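Visitor: I am new to this structure. Could you walk me through it in short steps?

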Amino acid sequence: MSAPVTVWLNRTYAENVFFIEQLRAAPRPVRVHATHADPDSPVLAAADTADLEPADLTPDAYVAFALDHCARHRIDVFVPRLHQLAISLHRQEFEAVGTALACPPATAIAAFASKADGYAAMTDAGLPTPPWWLVRTAGDLVDAVDRIESAGLTACLKPASGAGGEGFRVLTREPFGLHRLAGWDSRVQVDQVAAALDRAAREDPDAATELLVMPFLDGPEVSVDCLADLDGTLLAGVGRSKHRRRRSFTTAPRYLEPARRLVEATGMAYLSNVQFRHLHGEPVVIDVNTRPSGGLHQLRLCGLNLPWNAVQLALGERPDTEWTGDPAGIEYTLVSGIQPVLPRRLPPLDPAGLAAGQLVH
């Protein structure tokens, strides 16, 4: 049997316990190493070996930590989530210590570090996007909302930078009422946001707040998981459609073709994710993730193991992403489950910011 491939996942989301399960299903032995600043992260318990990592390093300091960590733990493939851009800029240094990076090139990551820059990149690639406005002042906000509402649509906002649905709000003119305290209400009043922008500008004129305002778009949401090689060729792409609790898959060209164009235009190698919603019934891109999506493991229902395929690419191998069957008939839902945490705490960090020991379980 060939020697195990050691794969490191740094500070990542709890859902990536399923990413680890996919790696373990590979035809070749894989040893998963995980680090996190939270000792109760379930990812640490799911890995074969685990360490705490420093919580507050600058990106450059984290790169130094990561290079030392790869050398000491003999990491074959590093799949970074935290400080992905800074790490990708030092790809050659990681290769020099024997570690391949399974993440897009820095140019592709940088293009989507800001959602505003990302929308500009999508426009350049000819992708369908919703109308959007980058707002910094109360006047910008009100003008954008007026434009959206004049088209008969509802406005929403999100921070210009951030992950997932962090900071997403639906904008409303409706006064606050007690009925808003019931259920899960994500609405916020336009006047409240405008007043907060004015107050922030008075308190610190040099600290510009940037928000994206756009129409609130209809579902279903379609999230296309992509695997691409280093020259930007899409090797595999499958859309996951989400409508309320129901989930299904799609390979419709109206989703896969824009995803392919984006991957090619930006050189988005390895794993990425392109999210669509619908404007007047037509799909538009609302977000691009330069990392594996939290729902990537769901593609195992289609017979795909993209986490392992990405590791193969990093090792210089050509993955077999051919698959048969029609995913259109597969429908499913998601339920909560139980994941263990470590029964005892990891070794403390030494003053240099490196783990004083390693916990193996």
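Visitor: How much space lies in the largest pocket?

Guide: Keep in mind that this is a predicted model. Its largest pocket is lined by 44 residues. The space in this pocket comes to about 1200 Å³.

Visitor: How many cavities of 30 Å³ or more does a search of the whole structure find, and what volume has the largest cavity?

Guide: A cavity differs from a pocket in that a probe fits inside but cannot get out. The search of the whole structure finds 1 cavity of 30 Å³ or more. The volume of the largest cavity is about 70 Å³.

Visitor: Which residues line the largest cavity?

Guide: The lining divides into 5 nonpolar, 2 polar and 2 charged residues. The residues are Leu 9, Thr 12, Asn 16, Phe 19, Val 79, Pro 80, Arg 81, Arg 291 and Pro 292.

Visitor: Take Thr 12. Is this residue buried or exposed?

Guide: Thr 12 sits in the loop between β1 (5-9) and α1. Leaving aside neighbours within four places in sequence, Thr 12 is in contact with His 36, Val 43 and Arg 81. Its relative accessibility is 8%, and under 20% means buried, so Thr 12 counts as buried.

Visitor: Which residues of helix α7 are buried?

Guide: Helix α7 covers residues 115-124. Its buried residues pack against α6 (106-111), β6 (133-135), β7, β10, α10 (253-266) and β15. Those buried residues are Lys 115, Ala 116, Gly 118, Tyr 119, Ala 121 and Met 122.

Visitor: Why is the pair of Phe 78 and Phe 94 tilted?

Guide: The structure holds 8 aromatic pairs. In this one the ring centres are 5.8 Å apart and the planes stand at 50°, so the pair is tilted. Phe 78 is in strand β4 (residues 77-79) and Phe 94 in helix α5 (residues 91-96), so the pair ties together parts 16 residues apart in sequence. The angle that decides the matter is 50°.

Visitor: Where does Asp 229 lie, and which residues does Asp 229 touch?

Guide: Asp 229 lies in the loop between β11 and β12. With a relative accessible area of 7%, Asp 229 is buried. Not counting residues up to four places away in sequence, Asp 229 touches Leu 235, Ala 269, Leu 313 and Arg 318.

Visitor: How far apart in space are Leu 235 and Trp 308?

Guide: Leu 235 lies in strand β12 and is buried, with a relative accessible area of 18%. In sequence, Leu 235 and Trp 308 are 73 residues apart. In space, C-alpha to C-alpha, they are 13 Å apart.

Visitor: Tyr 270 and His 280 have a positive phi. Which one is exposed?

Guide: Most residues other than glycine have a negative phi. Tyr 270, in strand β14, has phi near 65° and is buried at 5% relative accessible area. His 280, in the loop between β14 and β15, has phi of about 55°. With a relative accessible area of 67%, the exposed residue is His 280.

Terms used. Residues numbered from 1 in each chain as written. Predicted model: local features only at pLDDT ≥ 70, side-chain atom pairs only at ≥ 80, totals over all residues. Heavy atoms only, no water. 1 Å grid on protein atoms, 1.4 Å probe; cavity = no way out; pocket = protein on both sides within 12 Å on 5 of 7 lines; lining within 4 Å. Points joined across faces, edges and corners; volume = space filled by probe spheres on them. Nonpolar A, V, L, I, M, F, W, Y, C, P; charged D, E, K, R; others polar. Buried < 20%, exposed > 50% of the residue type's maximum accessible area, 1.4 Å probe, protein only. Helix = DSSP H or I, 4+ residues; strand = E, 2+ residues; numbered from the N terminus. Contact = heavy atoms within 4.5 Å. Phe/Tyr/Trp six-rings, centres within 6.5 Å; stacked < 30°, edge-to-face > 60°.
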